[in-house]
There are 4 protein chains.
Amino acid sequence: MTLAIGVDIGGTKIAAGLVSETGQILDSVEEPTPEDASAIPVAVADLVERLTGEQDAVGIGIGAAGFVGEDRQTVRFAPNIDWREEPLGQRVQSLVKLPVVVENDANAAAWGEFSFGAGEDTDDDLLLITVGTGIGGGIVHHGQLYRGGFGVAAEIGHMRIVPDGILCGCGQRGCYEQYGSGSALVRDARERVLNEDPRAGAIAALGGGDPSRITGQELTKLAKDGDPLAVELLTELGRWIGEGAAVLATILDPSVIAIGGGVAAAGDLVLASVVEAFETHLPARAHRPQASLRLATLGNEAGIIGAADLARVEPV
Amino acid sequence: MTLAIGVDIGGTKIAAGLVSETGQILDSVEEPTPEDASAIPVAVADLVERLTGEQDAVGIGIGAAGFVGEDRQTVRFAPNIDWREEPLGQRVQSLVKLPVVVENDANAAAWGEFSFGAGEDTDDDLLLITVGTGIGGGIVHHGQLYRGGFGVAAEIGHMRIVPDGILCGCGQRGCYEQYGSGSALVRDARERVLNEDPRAGAIAALGGGDPSRITGQELTKLAKDGDPLAVELLTELGRWIGEGAAVLATILDPSVIAIGGGVAAAGDLVLASVVEAFETHLPARAHRPQASLRLATLGNEAGIIGAADLARVEPV
Amino acid sequence: MTLAIGVDIGGTKIAAGLVSETGQILDSVEEPTPEDASAIPVAVADLVERLTGEQDAVGIGIGAAGFVGEDRQTVRFAPNIDWREEPLGQRVQSLVKLPVVVENDANAAAWGEFSFGAGEDTDDDLLLITVGTGIGGGIVHHGQLYRGGFGVAAEIGHMRIVPDGILCGCGQRGCYEQYGSGSALVRDARERVLNEDPRAGAIAALGGGDPSRITGQELTKLAKDGDPLAVELLTELGRWIGEGAAVLATILDPSVIAIGGGVAAAGDLVLASVVEAFETHLPARAHRPQASLRLATLGNEAGIIGAADLARVEPV
Amino acid sequence: MTLAIGVDIGGTKIAAGLVSETGQILDSVEEPTPEDASAIPVAVADLVERLTGEQDAVGIGIGAAGFVGEDRQTVRFAPNIDWREEPLGQRVQSLVKLPVVVENDANAAAWGEFSFGAGEDTDDDLLLITVGTGIGGGIVHHGQLYRGGFGVAAEIGHMRIVPDGILCGCGQRGCYEQYGSGSALVRDARERVLNEDPRAGAIAALGGGDPSRITGQELTKLAKDGDPLAVELLTELGRWIGEGAAVLATILDPSVIAIGGGVAAAGDLVLASVVEAFETHLPARAHRPQASLRLATLGNEAGIIGAADLARVEPV
């Protein structure tokens, strides 16, 4: 059996896992992300060393949020870590023996879902839409990651879906993630409280009564308990996700669309409205096969599993 | 030298050409598209036979508007010809000796531009945006056509760019081609005349004075002659094309974007505003390499050239 | 008791009534609208003469669709009848003895509702939103019709609510009536059938199975019978009406908003979503008194009743 | 000659003036707005007393930002001062002898422009659009202020012009003032700098090189000096103002629309694009008289002049 190591560098923690060729995590370790970005390579190397059985692995795949160059070594730009044209791959490589590849984290997760998760019944293609604080995405086509001409494809969270729409941290307006993400859900819930919507009683009690502390998890729980406004807000969230998915399908024509990230926890509560909006907005739907829309299955581990697998099947 | 035959089935005419492996059309013939769709295969076979030197070709590539199945033989649905799940490839195959492949016409054109036109300096990837009556598109990635999971990718004319926007013939609202196509240009010019815009004097004189007969060619000529409103309308058209191109680049990250179709005749008059809108709306532009936006170079022959080449390099 | 005569000139019929000072119609007559617009004044005079008791009236008020000049005699422009700067008042006046005033039909209806219908509990102000084939409106403020500086105020059906939205017959895009009218409802239902929405089974059976013959009445009945897609379409219609009403309230701050026209027949099925959308979209709702949203009560007779009353209380 | 006193309570200063019946300010005084809202009535009374000749005035009109009740005494809600259902009129009245009326500040300014400024050639109606940090407005119709059913009409800065648009401080999305105000102008300029727009060189040098300190005045000056991007941003601002004005004219049909506030300083640089957008977007423009669009003429003093005049002509 060929093993590989996957590393997921997030804004708050770095997690690493030893992954089998069937996508099982055999051992895993994690630690907080160092505040000093220059300490990250050492932290990654330490984590790799702590994995039991790491000596049997054939490579290390690192997933990181940001624009990864087509060399699969350089992080051109990261939204949450102070990296500009950072040679992350080489820095880690100088500290470890196994070959290192770097991948965009959502791409790695898409590959994980394609290989071992929501895409197990397809060997051709899959689109992953990860809905968390923002929206990320990854595209697999003809059994390969689609990285684009410069390595920065699938930045789907920033496709514009509303002209002159809500301002995004990226400097543009109307980005998908301003409507279809967990942050959008929480923002809308807060607005309802602040505008004294009479139906917002139960939502107003969340976050210990402080609207700025309301969380997506709380809203999801409230909706599952049947609170009408929470259900409406999640339905609206699903509608936006589905309308964006229809745009993506018009361009990419995936056979499988997997919805991952924190929102997947809401399950059918969101998925039903995603599917309805998707079907309503897909052009010429009566004349084309339709993508299978489903929840992702690997949860937070998709990135580690996918990164490890990419190190095995697509070494630099 | 390996020759191949390319056929372009349009709504008004069918054109065929014998194409060299360097993308030169050595001979070409055409005839009107039969009104009876069932007569099209015979017409195609006739045209092929009339090409001088056809016996030396290795295959026939047919480009047709519509959804082409992943078998590259069947037209699932065509917007302008009465085809539903039409086995076009087999029908032509039964009348000719050379192997036949069918391709979406915009995909074929994208392949032609990638191989011999606007993409001659890249061997990796290109996005073609064809702006004519509608908007078509084709994606090349890693040196291959991107067809999607069901063969119907790159229907970019129908990506929604305005929620609740202008109704499209496809049944949806806000499709890209309702804002960025030649038809949109003509429609907007007509509106100005009908609303008695005082600046629309010169435009009102087009079409022999009949607003319903104004054409995009006339408007382009008027703009080239400096008519302020015509210039404004073409600038606005370019703005929409560029904003849509920014959405596509966010998802696809092409290194080359070629603008083809009739609008290319307007040249810099449109391209300048395409580029400005593209750059203004591309997220995180300061942190990523930027696609080269340029005019397509093969004109109407891109489809024939591309279809022929696909028959050579990607036989069924 | 002071009587007055109200006349409502529609695209298909002309109706006239003798109206008491409490807004009761004591006698009424009607006939088809002549195809030749120049025959309309004679038809109006004939109808007036046929009313039992007309000799006791003090004046004639005529409601007509279109832009009515501030002289309350001239129709500047009518969308459905071939009138341009038509001296309708004078033409009728030359055929009858009673003094004649002309009013925009929706203004007349607003006055009727204000005086005797939905506004009976206010003597200050009311906004009428008439939702039929299109959307019309009338504003009453400080106990008077608000006609604007040129007599063409309250063309609310053409306020833009979606930039770059659906094309309107008026030449603009995104007009309120393209989203919130009965025509919009029917159009959306047809689209669902044509796009083969699997939930559109019951709707597809309307109009004798011919989507182009589906009517708003049929859809309303279907929704009342519980068909989920018909309910959804009416809810969506109500949402648009309510969002537009919130824009109007931001500008006009009415204390009563009455919803009239054919859509009123759907009752709570539509009104509930109108109210929800209105409340959700009204700025600073927690800090202001809120308009009372309600159904109009006079039905099709609002125009006749209002026009008659205006002839009595506001003679030229 | 009848004199009256006008007071303008702003977020940073309170100004008072003695105003003649021809709208001349004969004397004026001002002081900073007290941080403690409860100290404002005393400050107002002090200012009144300091005016030379105040004993000859017949009344005091106070303009304040916020929702003013139909009693013309109570401020229901103010966006920048901590007032909720504040009996401002009575509090000042207890400190002064002259009768006091309170008016929304933009309404007062509209009245001032109508009586002595941009509306001097009309005695019927005027719409004022004040474009400063936000957008305010006031409506005069039939020679009277239009206050609405609850006193809070003409909150035009918060009419929604973009569904799902930019978030507004009011809790809603897509409000007019998020697109057509000075704040919108500055925000857009900053975005261009932060996105490293290559044309933004001159703008980047504003604010002492700190994008967060760029001001509208600086941008206007730069545009007057011919900087292409500054001109483009002001043109875009004018376009939004004009499109909103077309919506307002569809509803209100004013014969005069005056554009006031800080943006008026940009003069034709903005007004030309306001007029073009207005005319392009006004429905059925060929069939209706068109409002005269012009700059306001009273500048910052419109509020004081209007408030004083309202105290004279419309005492409580």
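## Basis of the description

Residues are numbered from 1 along each chain as its sequence is written, and chains are lettered from A, with ligands numbered from 1, in the order in which they are written. Because the model is predicted, local features need pLDDT of at least 70 and side-chain atom pairs count only at pLDDT 80 or more, whereas totals for chains, interfaces and linings use all residues.

## Contact between chains A and B

In chain B, 37 residues are in contact with 36 residues of chain A, contact being defined by C-beta atoms, placed from the backbone, that lie within 7 Å. On the side of chain B that touches chain A, β6 (75-77) and α8 (228-252) of chain B each supply at least two residues, and α8(B) gives the most, with 5 residues; helices (H or I, at least four residues) and strands (E, at least two) are DSSP runs numbered from the N terminus.

This side of chain B comprises 21 nonpolar, 9 polar and 7 charged residues, where Ala, Val, Leu, Ile, Met, Phe, Trp, Tyr, Cys and Pro count as nonpolar, Asp, Glu, Lys and Arg as charged, and the others, Gly among them, as polar.

## Domains of chain A

Chain A is divided into domain 1 (3-112 + 301-313) and domain 2 (122-296), with bounds that come from an automatic or database domain assignment. The C-alpha centres of these two domains of chain A lie 26 Å apart.

In chain A, 10 residues of domain 1 are in contact with 16 residues of domain 2. To the side of domain 1 that touches domain 2, β5 (67-68) and α3 (105-116) of chain A each supply at least two residues, with α3(A) giving the most, 5 residues; by class, that side has 7 nonpolar, 2 polar and 1 charged residues.

## Helix α5 of chain A

Helix α5 (residues 182-194) of chain A has 13 residues and reaches 18 Å from its first C-alpha to its last, close to the 18 Å expected at 1.5 Å a residue, the expected span being 1.5 Å times one less than the number of residues. Among the buried residues of α5(A) are Leu185(A), Val186(A), Arg190(A) and Arg192(A), a residue being buried if 20 or more other C-beta atoms, placed from the backbone, lie within 10 Å of its own.

The buried residues of α5(A) pack against β9 (126-131), α4 (177-180), α6 (201-204), α7 (216-224) and α8 (228-252) of chain A. After α5(A) comes Glu196(A), whose phi is positive, near 60 degrees.

The same surface serves both copies, as 100% of the contact residues of chain C recur in chain D.

Technical notes
Contact = placed C-beta atoms within 7 Å. Buried ≥ 20, exposed ≤ 12 C-beta atoms within 10 Å, placed from the backbone.
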